[in-house]
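Opening the notebook on this one. I want to jot down what I looked up, roughly in the order I went through it.

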Amino acid sequence: MPVQARRHRRAIFSIVTLLVAFSACSATGYTLWRLRAERIQHHFENAAMSARTFENHLTQSFNIIDTGLVQAASDDLGASGLLRLLRHAPYLRSISTLDAAGQIRLSSDPRNQGRAPARGDFLPPAAGPVEVLRVGPLLSGRDFHEARAPGSSAPLSSFIPVTRDVRLPGEHWMTAAASVNADYFLNFYSAHVDPHGGSVDLLRYDGLLLLSTDEHARPGAADASQEILARLATSEIGSFEEQRPGGRTTLTAYRASRAYPFVLVVRLDKEQVLEGWRQEAGRSAGIVGTVLLAALASSGLYFARFERLAREREADQARLRIAAIAFESQEGMVVTDAAYKVLRINKAFTTITGFTPAEVVGGSMNFMKSGLHDSDFYTAIRERLAQSGAWAGEILNRHKDGSIHSHYLTITTVRDDEGHPTHYVGTLTDITERRRIEAERDELNRDFVSFLDNTTDFIYFKDTDSRFRFCSQALAKVTGYRSWRDLTGKHTLDVFPPDTAPIYHGEEIAIIRDGKPLIGKTDPYYDGEGRRGWISSSKWPILDESGKVTGLFGISRDITVHMRSEIDLRIAAIAFESQEGMLITDASNTILRVNRAFTRITGYSEAEAIGQTPRLLRSGHHDRDFYAAMYASLHSTGAWQGEIWNRRKNGEIYPEWMTITTVLDSEGNPSHYVASLTDITERKEAECEIRNLAFYDPLTQLPNRRLLLDRLRHTLATVARNKRHGALLFIDLDNFKTLNDTFGHDMGDLLLQKVAERLVGCIREGDTVARLGGDEFVVLLDDLHPASAEAGTQARIVGDKILATLNIPYDLAGHDYHCTPSIGITLFADHEGESDELMKRADLALYSAKAAGRNTMRFFDPEMQAAVSARAALEKELRIALQQQELRLYYQPQVNEHGAIIGAEALVRWQHPRLGLVTPASFIPLAEETHLIHPLGLWVLETACLQLMKWSAIPTRAHLVVAVNVSVRQFRQPDFVEQVCAVLDRSGADPHKLKLELTESLLLDDLEDVIAKMTALRARGISFALDDFGTGYSSLAYLQRLPLDQLKIDQSFVRDLHVHPNDAVIARSIVALARNLGLSVIAEGVETTLQRNLLAGLGCPAYQGYLFSPPLTREAFEIFAEEWEPESDERD
Amino acid sequence: MKRALAALWMIALAGPNEAAGGHLERVQATREMRVCIWPDYYGISYRNPKTQQLEGIDIDMARALARDLNVAVRFVDSSFAQLVSDVTQDHCDIAMFAIGITPQRSEKLRFTRPHLVSDIYAITTKSNRRIRTWDDIDKPGVVVAVAKGTLHEPIMRDKLRQATLLVTDTTQGREQEVESGRADVFMTDFPFSRRMLETTDWARLVAPASTYHLTPYAYAMQQGDNPWHARVEQFLADATRNGLLMDAIRRHKLDPIAAPASASKN
């Protein structure tokens, strides 16, 4: 009900508020709308007034001009007279008189003479002379002598030509002309109308714009405002709201001149006009809004206060209801008047005392008196009530059934306004049961205290903060307290010694936190004399009814004696299981016991070792004398120690430090031997490591000069042995000293470390980067190509990489630093000079690199420098060749035993612009080295596939299979399979007509990878031939596993087939091998009919070679295929 | 060098004029000092057409000089065109109307220390489309007006390369030429340009972007009369020291063109 009433109140309040706000807004809106209309009206009047003023000024000015012209025409003034007329007429540039032909005869500006004003389009129009001022269109130029029709933009200067015919005596006519200074009027208008707020236009009566204060207007053009012309037809004066180009609205007033053919138009920008109104409107709305908000806020506050009062009233009513319910509570209640006469009791009172209202109401309060209290007791209660208005305490009362009950009674005095008691209210609780329980608890406490005093265990109860509530006397004794009661309130951390207290405290924290007991934990402790011992403790949480932990109790018992013996045993066991290997034998050298370290070191398990003799470990590195000396020492001194080489179970020989001690029995005879052994392999290695430190540069961790020279000597030997090349690269940072001087040595060191890191990233594994000191680095390359030109290129490629890598800017502690290197290179092979000599050469090469302008590299050997440069040039050209399509694909026919063309091998040629046709032998190795083989191979594959596609459409060529050579490097690319498939997809060639030729060297690679790639491509239908078969290292086992289709007999066997019987044997074997593996076979390099026939005799069914055709261009191949007659060769 | 030549020139002329009797003696004898002014020089020596009263810094200075000499002052109307003849033919004892020190005038007249320094300014009409900035002035097709006899005439004749120079007989003439559009700008100095801006609503000031041609302004008298010159210099030195000169400059709002030496050192 109150909720509903509240909602109702709020709804009414909201509606009233909204109404007030709406009214205020409406009134404000109406006022502002009125103000706006008035402002527009006011500015219309302003515009009209301005138009009138300007018209007045204009008409008067032209009156004077008219008068001046009449005077000029009537009186023969001469040039000086004309000039005089101009003196006070700033609106005129010149005055002239015309001759009969209409040409200027005399002018204040002599330059005008001879000019003829074109009077055809003057206003008002006239066929003959008339006595009025006539106005021409605006002309560009300063005066008649430079008059032009105005162009598309506003002219720099302009004037309005006017003429006046004057009738002279004797029907004689004279004409005067003037050029009117348009700027004069413009200045006048500009000074009176703010260009931002509006504009003034002067029109000729026919609408031609003569001038405008608007910068964008085009004087001289017909005015766009047709509306003004239309309105002019009805009224010469007017004002209206006008829509201007560009979306502007203006308040426009116009006025035609009283006497001359002019119209003045004044436009005021409506937006500008309303700007002030807008600001005012904003301010008004702001003020009204603020006032309205303030009014709403205060009425809201008032409403809130009203609501609070209503709520308080409801709360009072609720309190009264609660009081009524309280009276019917579980406590007995009795209300008496001031004379202790019972007025009212509740149900609980009847339950507690047995008396019903009917029995006691109206009577005195003494019906419950037990007679056990004397009269002083009751007098004291009365006095207390009189003094403080309340009394509370225990009282013995008599139940209706006669039994005595202990009650807890509270009496409160109710007073009237004068402070006189009017009523007493008594509250009664029966505490008889409570008293009984208390008695029982007292008994329990007595027994428990006795227990605590006498037990020998440590018993304790603590609160959640680990403070003692009570404990056994035994505990007080060990902690140095006289009585256990002294411990109450003490904290665990304060009671126990600092090294044990945290352990106990930690346990108790866990129990309090987790509510879980701790059972049988062994902890250290100190007894009353401060001796360290052990206790076994069990502790439990104490929970209240809700399961909350309110404390804990525990029992701990001294177990020191028990622990001592256990610990001794454990120490012995641990000592034996130390990090050293331990071995115990009896006097006869039989192994009795070994430890785990022994097993770890030797590899022999306990079971394997026990029962054996230490001979088990012998490495065979020591002779008989060594062991004899050992036993001699054992016998004489009872001990031996020394380094010994032993053998592990896995056969590994390792160094060991061994100590053997003899254990003597009671008679002094050896009963046991105890040996301890330590594996000193790591120590030996560490010694080695220390020695190595002498070989490394501590700043960069690179090899130092010593190690470099060592490696160089080693490399010199290897290179000579393997008939390969090595290279020494000296690298020096340009301007390193400047960095050190500028940024300090710390920054220099940082750069050297970064350079070292980058250098290491530039070389292959096995090559060496060393730092000689300062900013000098050396790279040692070995295992370079046997041919010096190739080796030179390899060294150059590394050099290029180093140049590029070291050129990348360095981040030196936030500074961006750019640094360039110079590199000197020398190649070596086969004991070419000693290492010192080589170092000198590389250093010299470095100097020539510095001399060549730094950030470059130079070879020591000028010929090598030339060769490397030439190859670098060739590489560059090859790159260009690839881009510019200088490569050609040639096709060499492949023929079967019947002489029919079955396919062709695609061979790449380079149509070099300078060198002519270049064979693959000249550039394929270079392409391999420089990775150009990837784009080159791809180009060959793409070209061959496109050719296949074209041939597939021609029936006589559709069967041709094209073999394409794939280089090892190309095949190794991880995405080789995807590349080939993509080419096939792009070209649309039939994969079954594509054969890839691989070389045997491929088989030296990861064979599984090779097989996987071949299998994947074969699944597409591509077939594989093994090229140059017989020259390589093919294992037959490998051959079997490869998904091959064809073997190609190398031309070296074919060439001497008829000369060397061995070659014939090899060829025959290859054919047989192919047949057995289910592969086809083809011979290449077939040059004579004899070779062909021999091969046919060996069972080889397919051939390729000059006997049939050299490699041909596509066009030549197609002609060759057309003209080829299969059996022609057989007729030779 | 130049100064040495001028000194020689002065010594050469000194003899005869001094013999004819100095102006100082004459002024003290007649108890009247005749001062040439140009009554159209706004802020300098301007005769207000409404009151016919003279006003301007040099009117104030002339009266102060007369007070200093304890004589009456009589103003004689002159102009820049008549200046040299009025002074040399002894129509006045001194010309006090901010006379620009030019080489041509220095040949004929003796100047006191300059009290004002003005650059050249151009006045055009608000609606003129040719002239937006100073750089637009010396362009083909532009007509530049100067008044005959003013210091601007020789300077502009010397400086203009492409524009046409129009020399008017009177100072009003150059204003009329510009207002009527027959000329685009006329050249004047700071005080006159200020008058144009304050009294017309069509004039627009075009100031040089940087210093164009500074001319020091001073008072002129006959050459060779050393006592008179020394007396006037003495007066000017006193007026500078006691702030009288600077007060006059400020009173007529000419502080932007006060010569550096016009301000008192203390």
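Burial first: I call a residue buried if 20 or more other C-beta atoms lie within 10 Å of its own, exposed if 12 or fewer, and partly exposed in between, with C-beta atoms placed from the backbone. Helices (H or I, at least four residues) and strands (E, at least two) are DSSP runs, numbered from the N terminus. With that, I checked strand β39 (residues 1023-1029) of chain A, and 5 of its 7 residues are buried.

Bookkeeping. This is a predicted model, where local features need pLDDT of at least 70, side-chain atom pairs count only at pLDDT 80 or more, and totals for chains, interfaces and linings use all residues. Residues are numbered from 1 along each chain as its sequence is written, while chains are lettered from A and ligands numbered from 1 in the order in which they are written.

Back to β39(A). I looked for its partner and found β38 (residues 994-999) of chain A, running parallel to β39(A) and joined to it by 5 bridges. Two strands pair if DSSP finds at least two bridges between them.

Confidence. pLDDT is the predictor's confidence in each residue, from 0 to 100. Chain A has a mean of 86, and 98% of its residues reach 70 or more. I flagged residues 1128-1132 of chain A, where pLDDT stays under 50. For that stretch the model has 6 contacts beyond four places in sequence, a contact being two C-beta atoms, placed from the backbone, within 7 Å.

I found a cis peptide bond between Leu123(A) and Pro124(A), with omega about -10°. Pro124(A) sits in the loop between β2 (104-107) and β3 (133-135) of chain A. Tyr340(A) is in the loop between β12 (332-337) and β13 (342-345) of chain A, and I count it as partly exposed because it has 15 C-beta neighbours inside 10 Å. Asn70(B) also has phi near 60°, positive though the residue is not glycine. I placed Asn70(B) in the loop between α3 (57-69) and β5 (72-77) of chain B; with 8 other C-beta atoms within 10 Å, it is exposed.

Chain B overall. I count 10 helices and 14 strands in chain B, and 43% of its 266 residues are buried. Among contacts there between residues at least 6 apart in sequence, 70% join residues at least 24 apart.

Cores. A nonpolar core here is a set of buried Ala, Val, Leu, Ile, Met, Phe, Trp, Tyr and Cys residues joined through C-beta atoms within 7 Å. The largest has 66 residues, and Ala95(B), Val144(B), Val185(B), Tyr219(B) and Ala220(B) touch the most other members. Strand β6 (residues 94-100) of chain B gives the most to this core, 6 residues. Why does the core lie between domain 1 and domain 2 of chain B? Because both domain 1 (2-117 + 216-257) and domain 2 (121-206) give residues to it; the bounds come from an automatic or database domain assignment. I listed contacts of Val144(B) beyond four places in sequence, including Ile137(B), Met156(B), Leu160(B) and Val185(B). A second, separate core of 64 residues includes Ala881(A) and Phe1053(A).

Last stop, the A-B contact: 16 residues from chain A and 13 residues from chain B take part. On the chain A side, α3(A) gives the largest share, 6 residues.
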